[in-house]
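Please look at the sequence and the structure shown here.

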Amino acid sequence: MAFTMHSHSGQFCPGHAKDQLKDIIQHAISLGYITMGLTEHMPRTSLDDLYPEELDDPEGSLAVLFPRHEAYLLEAQRLQAKYASRIHILIGFEGEWLRPAYEPLVSQLAAHPSVDYFIGSLHHINSVPIDYDASYYARAVASAGGTEELAYQRYYDQQLEMLQALKPRVVGHFDLVRLLSSQPARDVRAEWPGVWERIVRNLRFVAGYGGWLECNSSALRKGLAEPYPGRRIAEEWLRLGGRFTLSDDSHGIAQVGTNYARALEYLDSLGVISVWTLRRDPHPGLAAEGEKTRLVEVEIPLADVKAAVSKW
């Protein structure tokens, strides 16, 4: 009963992911995945928003983003139908919130008839990447006032802007800001009360509209001791009655299901007994022509996921 709600491919995220989407799906099937959410990064709109690997030909890099997204949706629908009898494929994207001006674009992309959901993520502080490398993280900190405490505050304030504007069903790597910080395991609840107040505020907002947080195992392969979100945040989320979904945030075949055993142990230690995913009913690949489908929430016992992962 393994699944992921967050994944990428080198075919549609070249530069920082690997492998063709078809091959990644086939590998997920071989592992026994029952559901796979496809969430390639959404296109960006400004030359200022490009990453270093895109700067050799900035205009060309920017121009290809929207056609690539359209190609992704077409290929995702094709693969959704082709593998319908073997895996339940959900089609989504990972939203970007570089600035509030992205709100209309995210909403437009989410309205596409093939899109089931999107992940609401924040990879930037004041439009500066926080998870690319140490130099960019330092620039982000400087832009927020020069201290990590101020950077964390700004991160969660901008996250709230995104949450209020978009109300994403799945909130991506809630505490990504700690990835490149000087002390990723810092107890912000004890040391930075202003940051903790913002975290609790944001969690309450997500719980209020019924959103999910992902338990994202990619933090473990990046060297952190705990998945996203860290324990103190996860405990507060559960105290609020929040639900978790599960994500490997894979960027290629080698990362599908990576560190799931550790992530499941982490959830188990928190007292989590189930995780949540989505299902199209009936699945688009199996529906009769013209038959309408609806998106339903599915509760998966954590024990069932652990049983599947134990066979890898």
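In this predicted model, helices α8 and α10 pack with their axes 10 Å apart, at an angle of about 40 degrees. Angles under 35 degrees count as roughly parallel, so α8 and α10 are oblique to each other. Their crossing is right-handed. On the α8 side, the residues that meet α10 are Trp196, Ile199, Val200, Leu203, Arg204, Val206 and Ala207, and their partners in α10 are Arg232, Ile233, Glu236, Trp237 and Arg239. Sorted by class, this contact of α8 with α10 has 8 nonpolar and 4 charged residues, and no polar ones.

One of the α10 residues in this contact is Arg232. Helix α10 covers residues 231–239, and Arg232 lies in it. Apart from neighbours within four places in sequence, Arg232 is in contact with Ala185, Arg186, Asp187, Arg189 and Trp196. For Asp187, the side chain is joined to that of Arg232 by a polar contact of 3.0 Å. Trp196 is 36 residues from Arg232 along the chain, and the C-alpha atoms of the two are separated by 9.8 Å.

Helix α8 also packs against another helix. The axes of α6 (residues 148–166) and α8 (residues 193–209) come within 9 Å and cross at roughly 15 degrees. This angle makes α6 roughly parallel to α8. The crossing of α6 and α8 is left-handed. From α6, the contact is made by Glu149, Tyr152, Gln153, Tyr156, Asp157, Gln159, Leu160, Leu163 and Gln164, while α8 supplies Gly194, Val195, Arg198, Ile199, Arg201, Asn202, Phe205, Val206 and Tyr209. By class, the contact of α6 with α8 has 9 nonpolar, 5 polar and 4 charged residues.

Among the α8 residues that take part in the contact with α6 is Asn202. Not counting residues up to four places away in sequence, Asn202 touches Tyr156, Gln159, Leu160, Leu163 and Phe174. Of these, Tyr156, Gln159, Leu160 and Leu163 are also listed among the α6 residues in the contact with α8.

Conventions. Residues are numbered from 1 along each chain as its sequence is written. This is a predicted model: local features need pLDDT of at least 70, side-chain atom pairs count only at pLDDT 80 or more; totals for chains, interfaces and linings use all residues. Side-chain values use heavy atoms; hydrogens and water are left out. Helices (H or I, at least four residues) and strands (E, at least two) are DSSP runs, numbered from the N terminus. Contact means heavy atoms within 4.5 Å. A polar contact is a pair of N or O atoms within 3.5 Å; within protein, one must be able to donate a hydrogen and the other to accept it, and residues adjacent in sequence count only if both atoms are side-chain atoms. Axes are lines fitted to C-alpha atoms, for helices over the stretch in contact, and angles run from 0 to 180 degrees between N-to-C directions. Angles under 35 degrees count as roughly parallel, over 145 as roughly antiparallel, 65 to 115 as roughly perpendicular and the rest as oblique. A crossing is left-handed if the near helix is turned anticlockwise from the far one by less than a right angle, and right-handed if clockwise. Ala, Val, Leu, Ile, Met, Phe, Trp, Tyr, Cys and Pro count as nonpolar, Asp, Glu, Lys and Arg as charged, and the others, Gly among them, as polar.
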